[in-house]
Amino acid sequence: MAFDLAAQVRIGLGVLTHPVPDQLPTIYRELGKNYNEKVLPSIIPETLRVVVAQYDATQLITQIEAVSREIQKILTERASKFNVAIDDVSITSLKFGKEFTAAIEAKQVAAQEAERAKFVIEKAEQDKRSAVIRAQVK
């Protein structure tokens with residue numbers, strides 16, 4: 001399953017589930033045979049929104065296991081209300097929207113230009129100190 005979150009982050013999510021065995025009659029009566037098609041699409045998008053909102057882009061990438069665990073924890077709680085057990089959750093893909101990617105790239109370029117400007121200033125100050133020392137030596 002893949003879900004767009006604010007058109008900025010696209011997450012592919014693998015979710016393994018099973019019905020709680022002693023609740024099968026209730027599940028069949030209330031949800032029918034295709035319980036997964038009713039339960040998961042109703043709880044996964046909101047769970048992703050809640051969890052992803054807690055992280056910035058860098059954290060989503062660097063802490064993907066923690067994000068996955070948090071998604072599994074919340075999904076497990078929410079699915080249990082429908083007598084569905086979550087066996088495993090894994091993030092299968094993580095992609096950022098074009099505008100978001102462009103903004104990240106622009107930020108990186110700006111940071112590189114700031115570092116370059118800092119280097120130029122430091123070099124100019126070093127050249128100035130060198131010139132003063134040379135003048136004092138003469």
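In which helix is Thr26 found? Thr26 belongs to helix 1, which covers residues 24-31. Let's keep that residue in mind while we look at the model as a whole, which is a predicted one.

Start with the secondary structure. The protein has five helices and three strands. If you walk along the sequence, these elements come in the order β-β-α-α-α-α-β-α.

Now step back and look at the overall outline. The C-alpha atoms of the protein fill a box of roughly 100 × 25 × 20 Å along the principal axes. The radius of gyration tells us something about this outline too: the protein has 26 Å, whereas a compact globule of 138 residues would have a value near 14 Å.

Next comes the surface. Of the 138 residues, 28% count as buried. As for charge, there are 19 positive and 18 negative side chains in the protein, and the centres of these two sets lie 6 Å apart.

Is Thr26 buried or exposed? Thr26 counts as buried because its relative accessibility is 18%, and the cut-off for buried is under 20%. Which residues does Thr26 touch, leaving aside its neighbours within four places in sequence? Thr26 is in contact with Leu31 and Asn83.

Terms used: Residues are numbered from 1 along each chain as its sequence is written. This is a predicted model: local features need pLDDT of at least 70, side-chain atom pairs count only at pLDDT 80 or more; totals for chains, interfaces and linings use all residues. Side-chain values use heavy atoms; hydrogens and water are left out. Helices (H or I, at least four residues) and strands (E, at least two) are DSSP runs, numbered from the N terminus. The radius of gyration is taken over C-alpha atoms; the globule rule is 2.2 Å times the number of residues to the power 0.38. Buried means under 20% relative accessible area, exposed over 50%, partly exposed in between (1.4 Å probe, protein chains only). Lys and Arg count as positive and Asp and Glu as negative; His and the chain ends are not counted. The place of a charge is taken as NZ of Lys, CZ of Arg, CG of Asp or CD of Glu. Contact means heavy atoms within 4.5 Å.
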